[in-house]
Amino acid sequence: MGCHLSCAKGYANMAREAASIGANTFQFFTRNPRGGSAKPIDPSDIEGFYELAETAGIETILAHAPYTLNPAAAKDETRAFAIDTLADDLARMESTPGQLYNMHPGSHVGQGVDVGIEKIADAINVVLAPEHTTTLLLETMAGKGSEVGGRFEELAAIIERIELKDKVGVCLDTCHVWDGGYDIATSLDDVLEEFDRTIGLERLRAIHLNDSKNPLGARKDRHAAIGEGEIGAAALAAVTAHPALRALPFFLETPHERVSEYGDEIALIAEARQAYLV
Ligand code: FE
Ligand code: FE
Ligand code: ZN
C-alpha cells in the first residue's frame, strides 16, 4: 500500500517519503501532470532509490502518465503529442526496469466510443516495443464526458486490438468504477466476476484506492478521503482484503495536503482490513 507522491525531488526522495509513512510502494507523475517536458533522469538518483527501496521493502512502483494526454483525440497534433509523450515516458521507464506505467485511455470527444477505442489501441501499438520491460496499465475511468474506459468492455476492446498484449494490464480505480456504476460497496464479488468475464482478472495489476464524493453511477470522478465518501471505509477495506485483490499494490489518490496524512490513512486501512481477512 502506498500513495501518490510528488516526483519533483526525485526517485530516492520518493522512496524515503514512502518509507517514512509505512508505505511499501508509491505512485508518481512522470512529468508535470498537465504535460510538458520531463526532467532528465539522474543515474545517481536511481541508484539511491534502489538502496532505499531495498530497506523499505519497495518492489513495485507505479508511474502515471500526464492526465491531459489524449491518444483518442480528433486533432492530429493532440494525438501526436500524446503518442510522443507516451513513447518518451516508456523509454524513461527503462531506468527502473519491470515497473508499472498507468495511463488514462483517452476521450473520444464526439467521434464515438468505437473510434476512440481504435485510436487508443493504435497509439499503444505505436509506442509499445518488444524490448520494453514495463507493463502499461489502462485505468478504469468514471465515464465523465466522453471518456473511454468507463465500461470494462471498452478496456477489453482496446486490449483486444493491442499487439504486444503481454505488456498490457489494467489499474482499477475504486472511485472511478463506483462513479461508473459498478457497486463495489455491496456487490464486490459480482463486479470482480464481471471484470474477469470481460477483461480477465489476470490483467489486473494495480488498484487506485479512493472514496468518491458522489453516488454510485454519478460519472463525476471526484475523489474523497477513505471513509469520507459514498463508498465508505468498510467497503474499501474489504477491497484491500479480497482474496483476488489482496496481493496487488494499492495506491491512495485521496485529497490530502501532507504526506503524513497518507501515513494515517494507510494505518487506518491496515486496521480496518483485519476484519475482512479470513
Ligand atoms: Fe489516474
Ligand atoms: Fe486513479
Ligand atoms: Zn480520478
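Which residue bridges the iron ion (ligand 1) and the iron ion (ligand 2)? Glu-139 does, and the two ions lie 3.2 Å apart. This is a predicted model: local features need pLDDT of at least 70, side-chain atom pairs count only at pLDDT 80 or more, and totals for chains, interfaces and linings use all residues. Residues are numbered from 1 along each chain as its sequence is written, chains are lettered from A and ligands numbered from 1 in written order, and side-chain values use heavy atoms, with hydrogens and water left out.

**Iron ion (ligand 1)**

- His-64 (NE2), His-104 (NE2) and Glu-139 (OE) coordinate the iron ion (ligand 1) at 2.1 to 2.3 Å. Donors are N, O and S atoms within 2.8 Å of the metal (3.2 Å for Na, K and Ca); water is not among the atoms, so sites may look incomplete.
- Along the chain, the donors of this ion follow the spacing H-x39-H-x34-E.
- His-64 lies in strand S3 and His-104 in the loop between S4 and S5, so this pair ties together parts 40 residues apart in sequence. Helices (H or I, at least four residues) and strands (E, at least two) are DSSP runs, numbered from the N terminus.
- His-64 counts as buried because its relative accessibility is 3%. Buried means under 20% relative accessible area, exposed over 50%, and partly exposed in between (1.4 Å probe, protein chains only).

**Around His-104**

- The loop that holds His-104 runs between strand S4 (100-103) and strand S5 (106-107).
- The side chains of His-104 and Glu-139 make a polar contact (3.1 Å). Such a contact is a pair of N or O atoms within 3.5 Å; within protein, one must be able to donate a hydrogen and the other to accept it, and residues adjacent in sequence count only if both atoms are side-chain atoms.
- Leaving aside neighbours within four places in sequence, His-104 is in contact (heavy atoms within 4.5 Å) with His-64, Tyr-67, Glu-139 and Met-141.

**Iron ion (ligand 2)**

- Its protein donors are Glu-139 (OE), Asp-173 (OD), His-208 (ND1) and Glu-253 (OE), lying 2.1 to 2.2 Å from the iron ion (ligand 2).
- The sequence spacing of these donor residues is E-x33-D-x34-H-x44-E.
- Glu-139 sits in strand S6 (residues 135-139) and Asp-173 in strand S8 (residues 168-173), 34 residues apart.
- Glu-139 is buried, at 1% relative accessibility. Asp-173 is also buried, at 0%.

**Aromatic rings**

- The whole structure holds eight aromatic pairs. Rings of Phe, Tyr and Trp (its six-membered ring) pair if their centres lie within 6.5 Å; planes under 30 degrees apart count as stacked, over 60 as edge-to-face and the rest as tilted.
- Phe-29 and Tyr-67 form an edge-to-face pair, 5.8 Å centre to centre with 70 degrees between the planes.
- Phe-29 is in strand S2 (residues 25-29), and Tyr-67 is in the loop between strand S3 (60-64) and helix H3 (76-93), 38 residues apart.
- Phe-29 is buried at 16% relative accessibility, whereas Tyr-67 is partly exposed at 37%.
- One aromatic cluster is formed by Tyr-11, Phe-26, Phe-28, Phe-49 and Tyr-50.

**Cysteines**

- The whole structure has zero disulfides, a disulfide being a pair of cysteine sulfur atoms within 2.5 Å.
- Cys-7 is partly exposed, at 26% relative accessible area, while Cys-171 is buried, at 0%.
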